[in-house]
Amino acid sequence: MRTKDIEKEERKKKQILEGCFKLFLKKNMGNITIDDIEKNAGITRSNIFYYFKDKEEIFRATTEFYYQRVEEYFAFFYQKEKKTLLQFIHDYIDNWKNFDESIKDVTQDDFASVLSFFFNAFNLYPEFTERIKNLFDQEQKCWEEVIELAVSHKEINDINVEFTAEKFHFAYMAVTLQSYFLPHSKKVSVLFGHMMNLYEEIKYKEPLKKPIF
């Protein structure tokens, strides 16, 4: 097969997966039909079944295709260089914003939520839950490393590292849950506000000097 033909086929398959992914963000998998996929992908039923044997194969391929994007997002937490906690918060927000915008580029929907994709994947593929859990565990570990470093450098107070890491992580989880109701433009600013409030609460402050007299 010529290179151009291969590239054309890959584009068609990606178009189908993107059409199915849009549905994942809005509907339960059990309610998604081939007609829905056909309409969202802009590809005829005959072409869909040329690339995939059945709906189950489309669902699994869509899950795997976008799981790779999720892994790319979480790769941020494997970076070796650990900066200050303040800088890490800014980098964290930028990383999440870029990921969120990449999803919006596909869906063109201000209220589309990746959480819907996760729920659908969890329900269809039990093993997917463990894969996502491993990614969240790595995020927790990364927060702990950054916070521990911030304590040692006296950037923040001497606090419970694990508990504080959970507070930052849970802020993300809470805003992600709210993403069902918040427009795209607000999610990033809400999360940043919560994380900066947490940071201000634990930021190291020089103890007051006792008066001489």
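This is a predicted model: local features need pLDDT of at least 70, side-chain atom pairs count only at pLDDT 80 or more; totals for chains, interfaces and linings use all residues.

1. Residues are numbered from 1 along each chain as its sequence is written, and side-chain values use heavy atoms, with hydrogens and water left out.

2. The protein chain has nine helices and zero strands, where helices (H or I, at least four residues) and strands (E, at least two) are DSSP runs numbered from the N terminus. Among contacts in the protein chain with a separation of 6 or more, 72% join residues 24 or more positions apart, a contact being heavy atoms within 4.5 Å.

3. Of the 213 residues in the protein chain, 41% are buried, with buried meaning under 20% relative accessible area, exposed over 50% and partly exposed in between (1.4 Å probe, protein chains only).

4. The largest nonpolar core has 63 residues, and those with the most contacts inside it are Ile37, Leu85, Tyr92 and Trp143; such a core is a set of buried Ala, Val, Leu, Ile, Met, Phe, Trp, Tyr and Cys residues joined through side-chain atoms within 4.5 Å. Helix α7 (residues 126–152) gives the most to this core, with ten residues.

5. The structure holds 21 aromatic pairs, counted when rings of Phe, Tyr and Trp (its six-membered ring) have centres within 6.5 Å, with planes under 30 degrees apart called stacked, over 60 edge-to-face and the rest tilted. The rings of Tyr73 and Phe99 have centres 5.0 Å apart and planes at 35°, so this pair is tilted; because Tyr73 lies in helix α4 (residues 55–74) and Phe99 in helix α5, the pair ties together parts 26 residues apart in sequence.

6. Tyr92 and Trp143 also form a tilted aromatic pair, at 5.1 Å centre to centre and 45° between the planes, and this pair links helix α5 with helix α7 across 51 residues. Both Tyr92 and Trp143 are buried, and one aromatic cluster includes Tyr73, Tyr92, Phe99 and Trp143 among its members.

7. Is Asp91 buried or exposed? Asp91, which lies in helix α5 (residues 85–107), counts as buried because its relative accessibility is 18%. Leaving aside neighbours within four places in sequence, Asp91 is in contact with Phe76 and Lys83.
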